[in-house]
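Trainee: Could you take me through how one reads the features of a protein model, taking one feature at a time and giving the general idea before the case at hand?

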Amino acid sequence: MLYDPKSGRMSPPRGTAPIRCALMGGGPGREPPAETEPLIQLIRTRYHETHRREFPQAIEWAFKLDEHELANHLAFMLEDLDNHQQREEQVLFPMLLAGGGPMAKFPIGRMMAEHEAVEDQLVRLRELADALRPDAGVEWEETVKLCRKLDSDLREHMRLENEVLFPLFLD
Ligand SMILES: [Fe+2]
Ligand SMILES: [Fe+2]
């Protein structure tokens with residue numbers, strides 16, 4: 001640090017980066033990794049918004065086919081998912097965009113635990129969708145296809161969060 005007679009303050013020597021305390025580990029005011037914003041944008045538009053559109057569609061189709069167990073399971077999944085996505089969008093993502101920081105590991109841990117619960121729900125969804133008979137008609141075929149798409153989209157979505165986005169803030 002150098003004394004700057006003009007401002008009367010201490011300032012870092014010219015040409016050196018400000019020293020950051022290692023214990024801080026980031027936090028509000030620190031720049032997040034450059035890929036954070038495009039990743040969050042992708043998660044919101046490609047996955048969150050798609051689930052919000054396609055789950056109600058699948059629930060409606062399952063009810064029309066009198067497949068009430070499937071419809072109820074999808075409705076139960078959607079309720080959990082809506083709540084999870086809202087907390088990501090309103091709490092966790094803004095925190096990551098502000099640089100994360102040591103406290104970010106708590107909501108990240110919670111989201112990862114909830115993802116495990118979604119994987120269990122997906123096992124049940126697969127059982128129920130596999131029990132439908134796609135040969136019963138085009139409506140059945142379309143419903144089975146949509147359930148498979150929900151399954152693969154949700155798995156991709158969680159993989160992107162667990163393995164790409166969250167690890168940027170866990171070191
Ligand atoms: Fe998400
Ligand atoms: Fe998530």
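What follows is a conversation about the model shown above.

Mentor: Before anything else, please note that this is a predicted model, in which local features need pLDDT of at least 70 and side-chain atom pairs count only at pLDDT 80 or more, whereas totals for chains, interfaces and linings use all residues. Residues are numbered from 1 along each chain as its sequence is written, and chains are lettered from A and ligands numbered from 1 in the order in which they are written.

Trainee: How many helices and strands does the protein have, and in what order do the elements run?

Mentor: Helices (H or I, at least four residues) and strands (E, at least two) are read as DSSP runs and numbered from the N terminus. Here there are 4 helices and 2 strands, and from the N terminus on the order is β-β-α-α-α-α.

Trainee: What share of the residues is buried?

Mentor: A residue is called buried if 20 or more other C-beta atoms lie within 10 Å of its own, exposed if 12 or fewer do, and partly exposed in between, with the C-beta atoms placed from the backbone. On that scale, buried residues make up 20% of the 171 residues in the protein.

Trainee: Which residues have the most contacts inside the largest nonpolar core?

Mentor: In soluble globular proteins, nonpolar side chains tend to be buried together. A nonpolar core is taken as a set of buried Ala, Val, Leu, Ile, Met, Phe, Trp, Tyr and Cys residues joined through C-beta atoms within 7 Å. The largest one in this model has 14 residues, and Ala58, Ala62 and Leu74 are those with the most contacts inside it. Two or more residues each are given to this core by H1 (36-64), H2 (68-97), H3 (105-130) and H4 (138-165), and the largest share, 5 residues, comes from H2. There is also a second, separate core of 11 residues, which includes Leu92, Leu96, Ile108 and Phe169.

Trainee: Why does Leu74 count as buried, and which residues does Leu74 touch?

Mentor: Leu74, whose place is in helix H2, counts as buried because there are 28 C-beta neighbours inside 10 Å. For touching, the rule is that two residues are in contact if their C-beta atoms, placed from the backbone, lie within 7 Å. Not counting residues up to four places away in sequence, Leu74 touches Phe55, Ala58, Ile59 and Ala62. Leu74 and Leu122 are 48 residues apart in sequence, and their C-alpha atoms are 9.7 Å apart in space.

Trainee: Is Leu160 buried, exposed or partly exposed, and what does Leu160 touch?

Mentor: Leu160, in helix H4, is partly exposed, with 16 other C-beta atoms within 10 Å. Leu160 touches Ile43 and Leu165, again leaving out residues up to four places away in sequence. The C-alpha atoms of Leu160 and Ile40, although 120 residues apart along the chain, are separated by 9.8 Å.

Trainee: At what angle do the axes of H2 and H3 cross, and which hand does the crossing have?

Mentor: Axes are lines fitted to C-alpha atoms, for helices over the stretch in contact, and angles run from 0 to 180 degrees between N-to-C directions. Angles under 35 degrees count as roughly parallel, over 145 as roughly antiparallel, 65 to 115 as roughly perpendicular and the rest as oblique. The axes of H2 and H3 come within 11 Å and cross at roughly 160 degrees, and these helices are therefore roughly antiparallel to each other. A crossing is left-handed if the near helix is turned anticlockwise from the far one by less than a right angle, and right-handed if clockwise; H2 passes H3 in a left-handed crossing.

Trainee: How do the residues of the contact of H2 with H3 divide into nonpolar, polar and charged?

Mentor: Ala, Val, Leu, Ile, Met, Phe, Trp, Tyr, Cys and Pro count as nonpolar, Asp, Glu, Lys and Arg as charged, and the others, Gly among them, as polar. The contact of H2 with H3 has 10 nonpolar, 3 polar and 4 charged residues.

Trainee: Where is Asp66 found, and what is its phi?

Mentor: Most residues other than glycine have a negative phi. Asp66, found in the loop between H1 and H2, has a positive phi of about 65 degrees although it is not a glycine. Asp66 is exposed, with 8 other C-beta atoms within 10 Å.
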